[in-house]
Amino acid sequence: MSRAVLQVEGLHKSFGGVQAVADVSFAISAGEMLALIGPNGAGKSTCFNMLNGQLAPDSGIVRLEGRDIVGLRPRAIWRLGVGRTFQITATFASLSVRENVQMALYSHAGRLRSLLSRFGAAFGGEADALLDQVGMLDQAERTCGVLAYGDLKRVELAIALANEPRLLLMDEPTAGMAPKERVALMELTARLARARNIAVLFTEHDMDVVFSQADRIIVLDRGVLIAGGTPPEVRANPNVRAVYLGSAH
Amino acid sequence: MTLASIIIQLLNGLAAAASLFLVSAGLSLIFGVTRIVNFAHGSLYMLGLYGAYSLIQFFGRTPLGFWGAVVLAALAVGLVGILIEVLVLRRIYRAPELFQLLATFAVVLVIKDIALFTWGAEDLVGPRAPGLSMAVEIMGRRIPAYDLVLIAIGPVVLGALWLLLTRTRWGALVRAATQDREMVGALGVDQARLFTSVFFVGSVLAGLGGALQIPREPANLELDLAIIADAFVITVVGGLGSIGGAFLAAIVIGVAKAFCVGIGSVTWFGFEVSFSKLTLVVEFLIMALVLVVRPYGLLGKPQAAQRAAEPAPRLQVPSWTFALVWLALLALVPLAADRYTTILLTDIVCFALFAVSLHFIMGPAGMVSFGHAAYFGIGAYAAGLLLKRFGLPMEAALLLAPLIAGLFAIVYGWFCVRLSGVYLAMLTLAFAQISWSVVFQWDSMTGGSNGVFGVWPSAWLSDKTAYYYLALVLCGAGILFLWRVLFSPFGYALRAGRDSPLRAEAIGIDLRGFQWAAFALVGALAGLAGAVYAFSKGSISPSSISIAQSTDGLIMVLLGGVETLTGPVVGAAIFTWLRDVVARNTEFWRAVMGGVILLIVLLFPQGLVGGLKALVVRWREQRA
């Protein structure tokens, strides 16, 4: 296995005495699709928000390519090469699809502080190339506010790729999509991730998506990692069966 | 201070807190359920005072007459509240929130003139409460018996409200709607009736708060905006939608004010510090402090995310030919116009820049300001004072004034960008009021309530037409500059941050930094508008920095339409022109303006320019 892009060790977080995440450790390497699964309330979102800077862990280490990123703001973590998509899509509704991607490109290049140049004059080609890769080029002129939900997810993916990330954090990337679209979106993600050697960590409720797209799966239950491994290994794990099916050990 | 005087000031403060609490509780209740920031709430308070005054005249000065008048006045104000809700607000609940705000401004104007028509412009001093006019001796000091009654009324009303909200079905609905309006609607509750009843109760509280003040405060026409500023501060300090918070905040602020009056002037380390002058400012200082430490007020909770908010539409790039044709037309006007029209046009040009700068911050940057007059006024005063007190030439004063306004915007903005939504708007209002208070009280520097006189431009600009051209060039350049910035990377970043702060942060945008810079930028340009305006008038009065000036700006922007670039310019032109025409023909120009605004609100809920555009689109579609 190549060197880990993201290394998480002994992550802890509790809210008012309730242990939300306890001693979670895992790693992802470049080009790998890692699924984080678990029942509702298992601590997936808490775990995620500690990786992207939204939430500070009580203790533990998060290393991005060897660098400790605990305590950094989300925007600083993005600058280090972490792209994100949200459970409920977050795009700039009054801007066009192309402008949404250009915004990320401008920000990446540090060129947003200009007062007099015209926005959109630069990075048009780069934006279109990214939109082409996610299949949204034909809708580049449309305003994000009027797009179908599945299309917005693709735009988010294009935005997330704009800063040439080393790691992609996707919180429930297919939530709210039709079953057929879900697999298609994650297949696209997997293809792009492998081609660009990006590590992808995603949470997901749709088990078809998880078991068909993930290289590895880790399972969280009540804040604790109870299993990890390839899809066949996790499928066979009795702990996982107990959590999901409720049967006795 | 002795213990006795501390206790007396405490009692004074608690007595003053009673009315403040009643008004704020009503405002908080109405906001919680309807999400409307009701600027007319202060007008209801004012009506309570006037109503009680008249009813006492009618009933006679007996205890029964007095208390009967107080209760009846409060109930009558409640009926006025129902009228406002049914006739105006109910028709626009689906309109954007800012438009509802515009409607309540219009109601403020109308009620002010109804009061002027009914009760005249003189202050009316009410009688003391019959049977309670004596003083009670406490620790050797005398305190009016009526104050002690007021002190008791606050907790009694708090208790009654608590019972109403926790022990009745109506109260359960109000609490549910405050938490989640859509859900209550989805459960099949008749929203219209709930809103009307909440408006009634909230208005009764405002009316009662006013009526109870009759032995303490003369009824006058300035009370509406004065008390609304107080009530905003208290609801925000207490936490929006929290009745208990309003009670706590009213006491804190009432007592703080009383102590400032009581302490008077103190000499510290050789400096004389006048606490009584602090009275006008202290509540805003408390508010600024509380909001920085606890952004949702003492007992407030973060506002629930609102669902299904309409995304802002795309901005259209203004065409240069369009702008240049208009500039050319405006440049030609003085050739045909008389002196009077030239002066009016100069006013319009100044207010257009003022409105465009306000639009920039509240529209594309997504930060609604209730106190934009601060920068206009600071620009005006800076220009005037640099000329008169520091002996600078007019040209230098005109250049420096916007920078000074910008500096103030940097200081105020540092606090403001930490908040969002209604809290942000209220904080801007607070800073504007602090600025106004300082200007109003610093007699030796600003001329106090009289203002600054003799602020005339240099000789080469003394001709009205010449000055008009200067105004046109400076303000026109300011407007074009702001429009240009909106389409720059900086402007796009602001729009992106308004659309989704979460996504902006996730792609590395330091949104607060951008918003802070935007604050400074529009502050400087509003300051330029103020400076140009000052030299055109030759004098500056504190009204240039007042709440009324801030609301004028909001009316201009909202009238024209916040969703278009040209809207604010059109709004400024129409508002300034209409006010001029109406004010020349009737004493009751406010009522006429208010009526016109209400008509527009009800007919064109997207603003004039937005509404006309929609009409054109529909017309084209019909032809196609």
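Let me start with a definition: a residue is buried if 20 or more other C-beta atoms lie within 10 Å of its own, exposed if 12 or fewer, and partly exposed in between, with C-beta atoms placed from the backbone. With that rule, buried residues make up 53% of the 624 residues in chain B, and 43% of the 249 residues in chain A.

Some housekeeping, friends. This is a predicted model, in which local features need pLDDT of at least 70 and side-chain atom pairs count only at pLDDT 80 or more, while totals for chains, interfaces and linings use all residues. Residues are numbered from 1 along each chain as its sequence is written, and chains are lettered from A and ligands numbered from 1 in the order in which they are written.

Let's stay with chain B for a moment. Its count is 25 helices and six strands; helices (H or I, at least four residues) and strands (E, at least two) are DSSP runs, numbered from the N terminus. The C-alpha atoms of chain B fill a box of roughly 70 × 65 × 55 Å along the principal axes. What radius of gyration would a compact globule of 624 residues have? The rule gives a value near 25 Å, and chain B has 25 Å, which agrees. For that comparison, the radius of gyration is taken over C-alpha atoms, and the globule rule is 2.2 Å times the number of residues to the power 0.38.

Now contacts: two residues are in contact if their C-beta atoms, placed from the backbone, lie within 7 Å. In chain B, among contacts between residues at least 6 apart in sequence, 79% join residues at least 24 apart.

One helix of chain B deserves a slide, and that is α21, residues 511-537. The expected span of a helix is 1.5 Å times one less than its number of residues. For the 27 residues of α21(B) that comes to 39 Å, and the end C-alpha atoms are 39 Å apart, which agrees. Is α21(B) largely enclosed or open? Of its 27 residues, 23 are buried, so α21(B) is largely enclosed by the rest of the structure. Just after this helix, Gly538(B) takes a positive phi of about 85 degrees.

Over to chain A, which has nine helices and ten strands. Its radius of gyration is 18 Å, close to the 18 Å from the globule rule for 249 residues, so chain A is as compact as a globular protein of that length. The C-alpha box here is roughly 65 × 40 × 35 Å, again along the principal axes. Among contacts in chain A between residues at least 6 apart in sequence, 65% join residues at least 24 apart.

Next, the strands. Strands of a sheet pair through backbone hydrogen bonds, either parallel or antiparallel. Here, two strands pair if DSSP finds at least two bridges between them. In chain A, β1 (residues 4-15) and β2 (residues 18-29) pair in the antiparallel sense over eight bridges, and Ala4(A) stands opposite Ser29(A) in β2(A). Two residues lie between the strands of this hairpin, where Gly16(A) takes a positive phi near 50 degrees.

Then there is an open sheet of six strands in chain A, in the order β6-β7-β8-β3-β9-β10, with mixed pairing. At its edges stand β6 (82-85) and β10 (224-229), each with a single partner strand, so one side of each is left without a neighbour in the sheet. From one strand to the next, the twist averages 15 degrees. β6(A) pairs with β7 (residues 167-170) of chain A in the parallel sense over four bridges, and the bridge partner of Val82(A) in β7(A) is Leu167(A).

Glu65(A) is partly exposed, with 16 other C-beta atoms within 10 Å. Arg222(A), also not a glycine, has a positive phi of about 45 degrees and lies in the loop between β9 and β10 of chain A. Arg222(A) is partly exposed, with 15 other C-beta atoms within 10 Å.

Last, the place where the chains touch.

Methods. Axes are lines fitted to C-alpha atoms, for helices over the stretch in contact, and angles run from 0 to 180 degrees between N-to-C directions.
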